[in-house]
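Hi,

Here is the structure I promised to pass on. Have a look, and my notes follow below.

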Amino acid sequence: MATRWELVEDEQLKTAGSKARLALLTMVVTVLREHRRRQEKAREEADEWADPGLVFTTATGNRIDPRNVNRWWDKVCERAEIPRTRVHDLRHTAASLLFSAGVDLNEIRALLRHTRLATTADIYVDILDEVRRSTARSMDDILTRLHRPSATDSDENGEGDQAMKS
């Protein structure tokens, strides 16, 4: 059994629904291509290069220890002067930002590869204050339209009331 920080490679996926093709953003493809060019240059210049066929490796082409990813991320947070967070928290942030942008919750569930919608809704999507305010404004608009008296209800002569009764 793996310890908390041990890197484990396993061909078996977490769930049957875990394997999927995902659409990559143009920006992500651009960044990945730039990364590949830098990595190919590093490979050519290295005296020794392990090639496990991974996209992200150490400077010598070896697997990256997960603890080193966390250390790198801690430095990024420190430089950005934001509270320390976990790398995994980026999934929560992405889900919340997508939800606040109006993306359908089921689409967010599919992107995160969750089996159950409740997992996405209950754990991953933090309702942002702006979303709450928008929801309140929407409900206010609905109730205002429902409460707004019709022209026949507000007829000063009372004829509108009579027309409604007949």
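**What turned up**

The T57 side chain forms a polar contact with the side chain of Q39 at 3.0 Å (N or O atoms within 3.5 Å, one able to donate a hydrogen and the other to accept it; residues adjacent in sequence count only if both atoms are side-chain atoms). Before going further: this is a predicted model, with pLDDT of at least 70 needed for local features and 80 or more for side-chain atom pairs, while totals for chains, interfaces and linings use all residues. Numbering starts from 1 along each chain as its sequence is written, and side-chain values use heavy atoms, without hydrogens or water.

Back to T57: it sits in the loop between α1 (26-45) and α2 (helices are DSSP runs of H or I, at least four residues, numbered from the N terminus). T57 is buried, at 15% relative accessible area (buried is under 20%, exposed over 50%, partly exposed in between, with a 1.4 Å probe and protein chains only). Beyond neighbours within four places in sequence, T57 touches Q39, W49, N62 and I64 (contact: heavy atoms within 4.5 Å).

Searching the whole structure gave one aromatic pair. The ring centres of W72 and W73 are 6.0 Å apart with planes at 45°, so the pair is tilted (Phe, Tyr or six-membered Trp rings with centres within 6.5 Å; under 30 degrees is stacked, over 60 edge-to-face, the rest tilted). W73 is buried, at 13%.

Then the backbone. Most residues other than glycine have a negative phi. E81, not a glycine, has a positive phi of about 55°; it lies in the loop between α2 (66-79) and α3 (89-100) and is exposed at 73%. R113 also has a positive phi, near 65°, in the loop between α4 (105-112) and α5 (117-124), and R113 is partly exposed at 31%.

Cheers

Notes
Helix = DSSP H or I, 4+ residues; strand = E, 2+ residues; numbered from the N terminus.
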